[in-house]
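Here is a briefing for a reader who is meeting this structure for the first time.

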Amino acid sequence: MRKYFLLLSIPFSLSLVLAFRFSDGERWRAPEDARKLINPLQPSGEIISDGKYLFRQNCKACHGPFGKGDGPVAHTLKAQCADLTSAPVQQQTDGELYYKLSIGRLEMPGFKDLLKPDERWALIHYIRTLKESDMSER
């Protein structure tokens, strides 16, 4: 009986790994030309405040009030919401974040047609304030 269970569990486990690998679990990479985009806005109190407002209106429900990926609807989604405070997110270039914010992926909407370019760039400046080390100050 154990051998039979083991033989059945191997293909099932492999299918789960492959499904994860080729869906939500695959690392989302921006194209090289997007990585090189430079944020045309200089960070300022006003720009970051605008970004914070946009975050609260468009991102908070999924990413949570502090960007940890724990918003009130996050648990209803198939894909895990990114923790915007994490090193893997914060280490991306502004261009990578702009690309991802613009086109979206899976359940995350693309904001290209919803937010103006300057609004998306301001949102990125706000996301830069959501670093793990700064969380105790919020």
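Helices are DSSP runs of H or I with at least four residues, and strands are runs of E with at least two, numbered from the N terminus; the expected span of a helix is 1.5 Å times one less than its number of residues. This is a predicted model, in which local features need pLDDT of at least 70 and side-chain atom pairs count only at pLDDT 80 or more, while totals for chains, interfaces and linings use all residues. Residues are numbered from 1 along each chain as its sequence is written, and side-chain values use heavy atoms, with hydrogens and water left out.

**Helix H3**

- H3 has 14 residues, and the distance from its first C-alpha to its last is 20 Å, close to the 20 Å expected at 1.5 Å a residue.
- The buried residues of H3 are Ile-47, Gly-51, Leu-54 and Phe-55, where buried means under 20% relative accessible area, exposed over 50% and partly exposed in between, with a 1.4 Å probe and protein chains only.
- On the face of H3 turned away from its buried side are the exposed residues Gly-45, Glu-46, Tyr-53 and Gln-57.
- Helix H4 (60-63) and H7 are among what covers the buried residues of H3.

**Aromatic pairs**

- The whole structure holds 2 aromatic pairs, counted where rings of Phe, Tyr and Trp (its six-membered ring) have centres within 6.5 Å, with planes under 30 degrees apart called stacked, over 60 edge-to-face and the rest tilted.
- Phe-55 and Tyr-126 form a tilted pair, at 5.4 Å centre to centre and 55° between the planes.
- This pair links distant parts of the chain, since Phe-55 is in helix H3 (residues 45-58) and Tyr-126 in helix H7, 71 residues apart.
- Phe-55 is buried at 1% relative accessibility, and Tyr-126 is buried with a relative accessible area of 4%.
- The rings of Tyr-98 and Trp-121 have centres 4.0 Å apart and planes at 5°, so this pair is stacked.
- Tyr-98 in helix H6 (residues 94-103) and Trp-121 in helix H7 are 23 residues apart, and their pair too links distant parts of the chain; both residues are buried.

**His-125**

- His-125 lies in helix H7 (residues 117-127) and is buried, with a relative accessible area of 10%.
- Leaving aside neighbours within four places in sequence, His-125 is in contact (heavy atoms within 4.5 Å) with Asn-39, Leu-41, Gln-42, Pro-43, Ile-47 and Ile-48.
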